[in-house]
Amino acid sequence: MPAPEKLISDDIIPSGTLPPLRQRDLPLPIPLRRMIGPSIILAGLALGSGEFVLWPYITFKSQFVLFWACLIAVTMQYFLNMEIMRWTLATGESALTGIIRTSRHWAWIFLFLNIIPWMIPAWAKGAAELVGWMLTSPQFDSAGKAIAGPYDTWIGIAGLLLCGVILTAGPVVYETVERVQFYLVVFIIVVVIGLAVWLAIGRPDAVVAQATAIVTLGYPDFIPPLDEDLTPMLLLGALAFAGAGGTMNLCQSNYIRDKGYAMGVHVGRITSPLTGNEEAISEVGYYFPHTAENLRRWRAWFRGAGWEHFSSFLLPCFVCLILLTLISYICFFNANGQRILDPSKNKDMAFIWAQTGRLVELIGPAAKWFFLLMGVAILFTTEFGVLDAASRISTDIVKVTWLRDNPRWSEGRLYFTFLWTEILLACGLLLLERYKINIGALGLFQLTAAMNGGVMFLYAGVLVYMNRWRLPPELRMPTWRMAILLLTVAFFGTFTAWAGYDAVRRILAL
């Protein structure tokens with residue numbers, strides 16, 4: 001006679017500051033092809049400032065010296081994201097809801113860290129500059145920075161409003177985001193591969209230089225020489241944005257919940273108040289009885305989520321990081337490793353225009369349009385994804401912590417309130433920059449990315465506690481994954497401390 005099925009008791013997953021989880025069975029796993037989607041959205045977020053701007057710029061400044069750290073950072077993000085997904089697969093709750101269960105103080109901390117960095121419209125500004133360059137050649141100031149074109153601000157505002165309209169028009173927000181990001185990411189990867197293969201055929205030395213730097217960890221330098229442009233803050237930001245970066249990684253749990261992964265199938269999705277039928281959303285999740293069948297399903301779900309994230313997030317990030325930095329190296333260094341252009345005269349986003357000019361010399365006039373269109377697509381996917389993800393995270397925090405029992409403020413209403421507030425604030429910042437200050441797109445990328453590098457250090461540590469000690473033994477992270485997460489905490493913590501120390505030193509020196 002088979003042994004009786006073991007049930008999980010209410011106190012196995014501590015309820016903490018929120019109501020206890022309710023019991024439901026774990027759904028049957030679905031084929032991998034039907035799981036594809038959430039990680040493509042995250043890849044669209046990852047392709048923006050890190051892959052297209054920061055790492056090619058670091059390559060322009062210092063060749064491949066730090067590229068080893070880039071690949072380590074994005075690999076760490078893969079494992080970090082898997083632990084973000086673990087809680088949602090097990091409970092249907094977002095990772096942030098699980099974090100808030102440990103302490104309500106995390107709510108206002110992460111709300112602040114989610115709103116402040118992402119209200120900066122760095123990607124909208126960058127995309128607007130590239131669109132302006134397709135219409136007319138840019139002008140540069142004496143410091144080598146590109147001067148804002150006459151229509152850049154209005155193009156940036158139009159891009160922000162377009163993102164808002166697309167997100168509002170779709171009946172189910174997740175499905176709209178998945179569809180838009182899929183087509184844009186496919187276009188980007190095709191263009192990146194095409195340009196890189198065309199250039200690399202005639203420059204095998206560049207491929208060898210990149211491979212050698214990866215294998216030797218940039219020996220003998222390891223860390224590139226720093227100057228006023230290549231700072232610890234830029235390096236921290238680039239490492240954070242080697243993947244999605246910051247709180248955007250946390251949104252992976254929201255995406256897999258809306259896709260219907262595991263226990264997430266029991267939770268509703270955010271729908272448009274204009275075109276969709278509102279779905280009932282549960283702010284508090286579920287646990288499943290630990291029967292032999294449910295545990296078999298659990299292993300299948302986690303394994304499928306891992307393969308989906310590997311194929312749709314990690315591989316695209318690797319491909320784009322490797323190929324975009326390779327393109328940058330071929331454009332700016334000759335076969336002997338000697339620099340072709342002076343980095344002191346090609347600052348900020350001006351190095352993108354210099355790269356465009358070199359591609360025209362190496363390939364032909366058509367390369368300008370392909371490269372700039374690819375850049376616009378990359379930056380637009382990121383701005384589009386940022387607006388959606390930041391709104392989701394803020395909605396999650398506010399609804400779960402303060403408005404859980406308020407029927408008036410549904411998830412849909414909160415989401416679109418945050419979305420359009422973000423858009424209006426971003427438009428205001430673009431107008432302020434036009435008439436008051438001019439930081440430059442690269443400066444905005446650095447500021448946003450560095451802030452999110454510190455955020456990753458923070459929540460990686462909390463995830464270790466959650467997934468190792470608050471989940472049942474059968475579901476918690478194994479020791480080897482915990483070791484990787486602890487290394488992630490140390491990795492981003494070290495660069496955060498270094499960047500903070502350097503920033504304070506610079507301020508005191510003024």
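Why are Glu361 and Arg358 separated by about one helical turn? They sit 3 residues apart in helix α13 (residues 350-362), and the views below start with this pair. The model is predicted, so local features need pLDDT of at least 70 and side-chain atom pairs count only at pLDDT 80 or more, while totals for chains, interfaces and linings use all residues. Residues are numbered from 1 along each chain as its sequence is written, and side-chain values use heavy atoms, leaving out hydrogens and water.

View 1. The structure holds 10 salt bridges, each a side-chain nitrogen of Lys or Arg within 4 Å of a carboxyl oxygen of Asp or Glu. In the bridge between Glu361 and Arg358, the closest N and O atoms are 2.7 Å apart. Glu361 is exposed at 58% relative accessibility, whereas Arg358 is buried at 12%. Here buried means under 20% relative accessible area, exposed over 50%, and partly exposed in between (1.4 Å probe, protein chains only). Helices are DSSP runs (H or I, at least four residues), numbered from the N terminus. Lys125 and Glu129 make another bridge, with 3.5 Å between the closest N and O atoms. They are 4 residues apart in helix α6 (residues 122-135), which again means about one helical turn, and both Lys125 and Glu129 are buried. An α-helix has 3.6 residues a turn, so residues three or four places apart point the same way.

View 2. Asp258 and Arg392 pair up with their closest N and O atoms 2.8 Å apart. Asp258 belongs to helix α11 and Arg392 to helix α14, so the pair ties together parts that are 134 residues apart in sequence. Helix α11 (residues 251-259) is mostly covered, with 8 of its 9 residues buried. After α11 comes Gly260, whose phi is positive, near 90°.

**View 3. Ser391 in helix α14.** Ser391 lies in α14 (residues 366-401) and is buried at 0% relative accessibility. Leaving aside neighbours within four places in sequence, Ser391 is in contact (heavy atoms within 4.5 Å) with Val386, Tyr415, Phe418, Leu419 and Glu422.

**View 4. The largest nonpolar core.** Such a core is a set of buried Ala, Val, Leu, Ile, Met, Phe, Trp, Tyr and Cys residues joined through side-chain atoms within 4.5 Å. Of its 163 residues, Phe52, Trp55, Phe110, Leu130, Met374 and Tyr459 touch the most other members. Helix α12 (residues 292-332) gives the most to this core, with 18 residues. Not counting residues up to four places away in sequence, Tyr459 touches several residues, including Leu80, Ile84 and Phe110.

View 5. A disulfide is a pair of cysteine sulfur atoms within 2.5 Å, and the count here is 0. Cys317 is in no disulfide, and the nearest cysteine sulfur, in Cys320, is 7.4 Å away. That distance is too far for a bond. Cys317 is buried at 0% relative accessible area, and Cys320 is buried at 0% as well.

Technical notes
Helices (H or I, at least four residues) and strands (E, at least two) are DSSP runs, numbered from the N terminus.
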